[in-house]
Amino acid sequence: MIRQASTNDIPLIRAMAEVVFRRTYKEILSPEQMEYMMDMMYSEESLLKQMEDGVFFICDGRGYASVRPDGNTSDGMPRYHLEKLYVMPEAQKTGLGKELFETACGWVKARENRALLELNVNRGNPSLGFYEHLGMTRARSGDFPIGNGFYMNDYIMALNL
């Protein structure tokens with residue numbers, strides 16, 4: 001069962017990230033960048049701020065997703081950013097990722113008549129095909145500085161909702 005996470009779920013989100021985020025990026029990121037990004041994105045302070053700015057969804061320790069408002073497009077359409085969507089290794093290929101994605105999309109659709117959903121995906125991440133299967137397209141790519149001399153080398157995936 002997918003539900004909206006609360007601040008009480010921060011320890012569980014952090015515990016899942018220790019497994020799934022590290023596993024996802026172990027062949028992509030240097031150990032130094034991995035530690036920097038874990039602290040940047042999964043410290044208690046960071047997760048509290050992310051929950052203030054958007055919403056997290058969680059599924060019984062099996063996966064999580066988060067989405068936040070991200071301004072407007074050049075033509076005035078509301079833009080949202082799918083910040084995170086991770087499924088624990090034992091729950092992958094069960095449909096949970098798609099359910100989390102649809103839950104995040106539903107949250108946006110409940111707030112907007114139409115919106116653009118974007119997502120950063122590392123160009124070396126095999127989940128690119130998953131997002132394309134869900135209807136997202138590669139809108140652009142870039143090397144985005146995240147601090148401490150590190151970059152996210154990503155595609156920006158997009159989907160009109």
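## Close-up views of a predicted model

**View 1. The largest nonpolar core.** In this predicted model, the largest nonpolar core has 29 residues. Those with the most contacts inside it are Val-67, Leu-82, Leu-85, Phe-101, Leu-117, Tyr-131 and Met-157. H4 gives the most, with 7 residues. In soluble globular proteins, nonpolar side chains tend to be buried together.

**View 2. The surroundings of Tyr-131.** Tyr-131 is one of the residues with the most contacts inside the largest core. Which residues does Tyr-131 contact, leaving aside its neighbours within four places in sequence? They are Leu-82, Leu-85, Leu-119, Val-121, Met-136 and Met-157.

**View 3. A second core.** A separate core has 24 residues. Among them are Ala-5, Ile-13, Phe-21 and Tyr-25.

**View 4. Helix H1 against helix H3.** Two packed helices are described by the angle between their axes and the distance between the axes. H1 spans residues 10-25, and H3 spans residues 44-53. They pack at an angle of about 115°, and their axes are 10 Å apart. H1 is therefore roughly perpendicular to H3. The crossing of H1 past H3 is right-handed.

**View 5. Residues where H1 meets H3.** From H1 come Ile-10, Ile-13 and Arg-14. They meet Glu-44, Leu-47, Leu-48 and Met-51 of H3. Of the residues in this contact, 5 are nonpolar, 2 are charged and none is polar. Ile-13 also belongs to the second core.

Methods: Residues numbered from 1 in each chain as written. Predicted model: local features only at pLDDT ≥ 70, side-chain atom pairs only at ≥ 80, totals over all residues. Heavy atoms only, no water. Axes fitted to C-alpha atoms, helices over the stretch in contact; angles between N-to-C directions. Helix = DSSP H or I, 4+ residues; strand = E, 2+ residues; numbered from the N terminus. Parallel < 35°, antiparallel > 145°, perpendicular 65-115°, else oblique. Left-handed = near helix turned anticlockwise from the far one by under 90°. Contact = heavy atoms within 4.5 Å. Nonpolar A, V, L, I, M, F, W, Y, C, P; charged D, E, K, R; others polar. Core = buried A, V, L, I, M, F, W, Y, C linked by side-chain atoms within 4.5 Å. Buried < 20%, exposed > 50% of the residue type's maximum accessible area, 1.4 Å probe, protein only.
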